[in-house]
Amino acid sequence: MYLLKTEQTFDSAHFLSDYQGKCRNLHGHQWRVIVEICGKTLSTDTQTRDMLVDFGDLKHDLKTETDFFDHALIIEKGSLKPTTLTALQEENFKIVELPFRPTAERMASYFYTKMKSHGYTLRRVTVYETPKNCAIYEE
Ligand SMILES: Nc1nc2c(c(=O)[nH]1)N=C([C@H](O)[C@H](O)COP(=O)(O)OP(=O)(O)OP(=O)(O)O)CN2
Ligand SMILES: [Zn+2]
């Protein structure tokens, strides 16, 4: 079995609604996303011969997904008063609304699904929300 690993980072703000503690406040992280893919057979195509996939393609696809969040405010849908959300949108801030609480666990699962949709066979996705804490999603 071959395993490839790549990572990207992005900077964004979030908060945990319904959380009793400091993380209920709007705060920022440099999120670190590590994707591991696997496969048993290597390519026989001329360009990618003896590669599982080209690192360039893997890196590019992950960057597309992480750039979506870069310098955004990540919000769980319904967690802000409509007037607050409207005011932020009127300021033209980059806002990404998600149908889940933006925890490291959920973000790991999110990137797993997104990378799977690019056609990769995923082993695991690891998301570091802070340098010392990460969540891992596997299937
Ligand atoms: N299992 C999870 N627990 C927590 C998550 C999470 O995503 N999954 N997230 C948070 C907060 O978002 C917070 O930003 C991270 O918390 P914490 O580790 O306490 O942050 P710090 O690194 O800043 O902690 P210090 O000890 O103050 O340095 C909370 N929990
Ligand atoms: Zn946080």
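**Group meeting: a walk through the predicted model**

From the N terminus on, the elements of the protein chain run β-β-α-β-α-β-α-β-β. That makes three helices and six strands in the secondary structure. Before going further: this is a predicted model. Along its principal axes, the C-alpha trace of the protein chain spans about 55 × 30 × 20 Å. The chain has 139 residues, and 22% of them count as buried. As for contacts between residues at least 6 apart in sequence, 60% join residues that are at least 24 apart.

Six strands form it, it is open, and the order is 4-3-1-2-5-6, with mixed pairing. Which strands stand at the edges? Strand 4, residues 95-98, and strand 6 do; each has a single partner strand, so one side of each is left without a neighbour in the sheet. On average, neighbouring strands are turned by 35 degrees against each other, direction ignored.

Two pairings deserve a look, and strand 2 takes part in both. Strand 1 and strand 2 run antiparallel and are joined by 13 bridges. In that pairing, Leu3 stands opposite Cys38 in strand 2. Strand 2 also pairs with strand 5, again in the antiparallel sense, over six bridges. There you can find Val33 opposite Val127 in strand 5, and Ile37 opposite Leu122 in strand 5. Helix 1 lies across strand 1 and strand 2, and runs at about 20 degrees to strand 1.

In soluble globular proteins, nonpolar side chains tend to be buried together. The largest nonpolar core here has 19 residues, and those with the most contacts inside it are Phe111, Val125 and Val127. Strand 2 (27-39), helix 1 (55-67), helix 3 and strand 5 each supply at least two residues of this core. Which element gives the most? Helix 3 does, with seven residues.

Take Val125, which has its place in strand 5. Is Val125 buried or exposed? A residue needs 20 or more other C-beta atoms within 10 Å to count as buried; Val125 has 26, so it is buried. Leaving aside its neighbours within four places in sequence, Val125 is in contact with Val33, Val35, Ala108, Phe111, Tyr112, Met115 and Tyr137. Val125 and Ile34 are 91 residues apart in sequence, yet 5.7 Å apart in space, C-alpha to C-alpha.

Next, the ligand. Which residues are around ligand 1? They are Leu16, Cys23, His27, Thr103, Ala104, Glu105, Glu129, Thr130, Asn133 and Ala135. Helix 3 (104-117), strand 5 (122-130) and strand 6 (133-137) each supply at least two residues of the shell.

Helix 2 is followed by Asn92, whose phi is positive. Asn92 has its place in the loop between helix 2 and strand 4. The phi of Asn92 is about 65 degrees, although Asn92 is not a glycine. With 7 C-beta neighbours inside 10 Å, Asn92 counts as exposed.

Asp18 makes a second case. Where does Asp18 lie? It lies in the loop between strand 1 and strand 2. Asp18 is not a glycine either, and its phi is positive, about 65 degrees. Asp18 has 8 other C-beta atoms within 10 Å, so it is exposed; the cut-off for exposed is 12 or fewer.

Notes. Residues numbered from 1 in each chain as written. Chains lettered and ligands numbered in written order. Predicted model: local features only at pLDDT ≥ 70, side-chain atom pairs only at ≥ 80, totals over all residues. Near = placed C-beta within 6 Å. Helix = DSSP H or I, 4+ residues; strand = E, 2+ residues; numbered from the N terminus. Core = buried A, V, L, I, M, F, W, Y, C linked by C-beta atoms within 7 Å. Contact = placed C-beta atoms within 7 Å. Pairing = 2+ DSSP bridges. Axes fitted to C-alpha atoms, helices over the stretch in contact; angles between N-to-C directions.
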